[in-house]
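Visitor: I am new to this structure and would like to learn how to read its features one at a time. Could you take me through a few of them slowly?

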Amino acid sequence: CEDTKGIFDINKVEMLSSEPRVFIHYDFLTEEECDAIIDMGLPNLQESMVASSKGSIRDSARTSYGAFLNEHPILSKIEERIAMWTQLPVNHGENFYFLRYEESQEY
């Protein structure tokens, strides 16, 4: 049996709303996972775009920087944990997108 300690530790979960279903799961990511995500995302940051009828465009309303993250074993492990917690299949999720907002930047 897989060790699920920390994944379903009720002491680390706070329900904010039941309708819609919203939870905070404290310590969901380890420090090592956070560092790995930052290492994957930072080198690939680009100005964030917005969708329009003409395709993706830059817009002054969105001033952040972002990068899609490529498949990686660490991300796969996180996806599995998300699927276990939400009780939704991994293929119902979206690709990971890394965002950086500096002071005064916004969407």
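Guide: Let us begin with a pair of side chains: D27 and K12 meet in a salt bridge, with N to O at 3.7 Å. The term stands for a side-chain nitrogen of Lys or Arg within 4 Å of a carboxyl oxygen of Asp or Glu. This pair links distant parts of the chain, since D27 is in the loop between β2 (21-25) and α1, while K12 is in the segment before β1 (13-18), 15 residues apart. Helices (H or I, at least four residues) and strands (E, at least two) are DSSP runs, numbered from the N terminus.

Visitor: What should I know about the model and its numbering before going on?

Guide: This is a predicted model, in which local features need pLDDT of at least 70 and side-chain atom pairs count only at pLDDT 80 or more, whereas totals for chains, interfaces and linings use all residues. Residues are numbered from 1 along each chain as its sequence is written, and side-chain values use heavy atoms, with hydrogens and water left out.

Visitor: How many salt bridges does the rule give, and which side chain does E33 meet in one?

Guide: In general, side chains of opposite charge can pair when their charged atoms come close. Here the count comes to 4 salt bridges, and in one of them E33 meets R81 at 2.6 Å, N to O. Because E33 lies in helix α1 and R81 in helix α2, the pair ties together parts that are 48 residues apart in sequence.

Visitor: Is E33 buried or exposed?

Guide: Buried means under 20% relative accessible area, exposed over 50%, and partly exposed in between (1.4 Å probe, protein chains only). E33 counts as buried because its relative accessibility is 5%, and R81 is buried as well, with a relative accessible area of 9%. By contrast, D27 counts as exposed at 56% relative accessibility, while K12 is partly exposed at 27%.

Visitor: At what angle do helix α1 and helix α2 pack?

Guide: An angle is taken from 0 to 180 degrees between N-to-C directions, with axes as lines fitted to C-alpha atoms, for helices over the stretch in contact. Helix α1 (residues 31-41) and helix α2 (residues 73-86) pack at about 125°, with their axes 10 Å apart. That makes α1 oblique to α2, given that angles under 35 degrees count as roughly parallel, over 145 as roughly antiparallel, 65 to 115 as roughly perpendicular and the rest as oblique.
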